[in-house]
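Dear colleague,

Please find below the structure that I am handing over to you, followed by an account of what was found in it.

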Amino acid sequence: MTDPVKLLLVKNLRVTPCRKKVLEIFARKNRALSHVEIENEINNEFDRVTLYRTLSTYTQTGVLHKVPNDTGSAKFALCKDHCDKHIHHDEHVHFKCVKCHTIKCINNVDVPEISLPKGYLIHSAGLIIEGICPLCNK
Ligand SMILES: [Zn+2]
Ligand SMILES: [Zn+2]
Ligand SMILES: [Zn+2]
């Protein structure tokens, strides 16, 4: 994981305490996190609006991507280096552990190309695989 400050510089984003903190949380947790989970980690250090803005800046600049989630609130995960302002490249598989409920990016496994019947236009494709993660599978 790159140093948060460096990543912000690469992305041409101003370093703010909240931005830095959010990246640190993602680096430490190393899994997908929902708004509420991030909020709990932040521990009232920043208000909701600041956090909300930080998350939306991050999703717009290729720092975080939204993880498809069938239940509950949207989750976010760190993008790999090749995401940028205009295009995300996060069509990878996500894994949801049924035991510890963590969702992780499986960055080296792409979502297979999907062809739909005529008339359907795909905007994005997300695939969540459910099962037991390596930590719970010991
Ligand atoms: Zn991305
Ligand atoms: Zn697990
Ligand atoms: Zn992901």
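**The hairpin and its sheet**

Strands β4 and β5 form a hairpin with 5 residues between them, and H101 in the turn has a positive phi of about 60 degrees. This is a predicted model, in which local features need pLDDT of at least 70, side-chain atom pairs count only at pLDDT 80 or more, and totals for chains, interfaces and linings use all residues. Residues are numbered from 1 along each chain as its sequence is written, while chains are lettered from A and ligands numbered from 1 in the order in which they are written.

Helices (H or I, at least four residues) and strands (E, at least two) are DSSP runs, numbered from the N terminus. Two strands are said to pair if DSSP finds at least two bridges between them.

Strand β4 covers residues 92-97 and strand β5 residues 103-110; the two pair in the antiparallel sense over 5 bridges. Within this pairing, H94 stands opposite C105 in β5, and the bridge partner of F95 in β5 is K104.

**The antiparallel sheet**

A further 3 strands form an open sheet in the order β1-β3-β2, and here the pairing is antiparallel. Strands β1 and β2 (64-67) stand at the edges with a single partner strand each, so one side of each is left without a neighbour in the sheet.

Strands β1 and β3 run antiparallel and are joined by 2 bridges. S34 has K75 in β3 as its bridge partner, and L33 stands opposite F76 in β3. Strands β2 and β3, also antiparallel, are joined by 4 bridges; the partner of K66 in β3 is F76.

Burial is judged by the number of other C-beta atoms, placed from the backbone, within 10 Å of a residue's own: 20 or more for buried, 12 or fewer for exposed, and partly exposed in between. In β3, K75 and A77 point one way and F76 and L78 the other way, and all are buried.

**Helix α2**

Helix α2 (residues 17-29) has 13 residues and reaches 18 Å from its first C-alpha to its last, close to the 18 Å expected at 1.5 Å a residue (the expected span is 1.5 Å times one less than the number of residues).

Which residues of α2 are buried? They are R19, V22, L23 and F26. These residues cover an arc of only 95 degrees around the axis, which puts them on the same side of α2; the arc is that of the directions from the helix axis to the C-beta atoms. P17 and R28, on the other side of α2, are exposed.

The buried residues of α2 are covered by elements including α1 (4-10), β1 (33-34), α3 (35-42), α4 (48-60) and β3 (75-78).

**The nonpolar core**

A nonpolar core is a set of buried Ala, Val, Leu, Ile, Met, Phe, Trp, Tyr and Cys residues joined through C-beta atoms within 7 Å. The largest such core has 20 residues, of which A32, L64, F76 and A77 touch the most other members. At least two residues of this core come from each of α1, α2, α4, β2, β3 and β5.

Leaving aside residues up to four places away in sequence, L64 touches L55, Y58, T59, F76, A77, L78 and C79. Contact here requires C-beta atoms, placed from the backbone, within 7 Å.

**Two asparagines with positive phi**

N30 lies in the loop between α2 and β1. Its phi is near 55 degrees, a positive value in a residue other than glycine. N30 is partly exposed, with 13 other C-beta atoms within 10 Å.

N44 is found in the loop between α3 and α4, and has a positive phi of about 65 degrees although it is not a glycine. With 8 C-beta neighbours inside 10 Å, N44 counts as exposed.

Yours sincerely

Terms used: Two residues are in contact if their C-beta atoms, placed from the backbone, lie within 7 Å.
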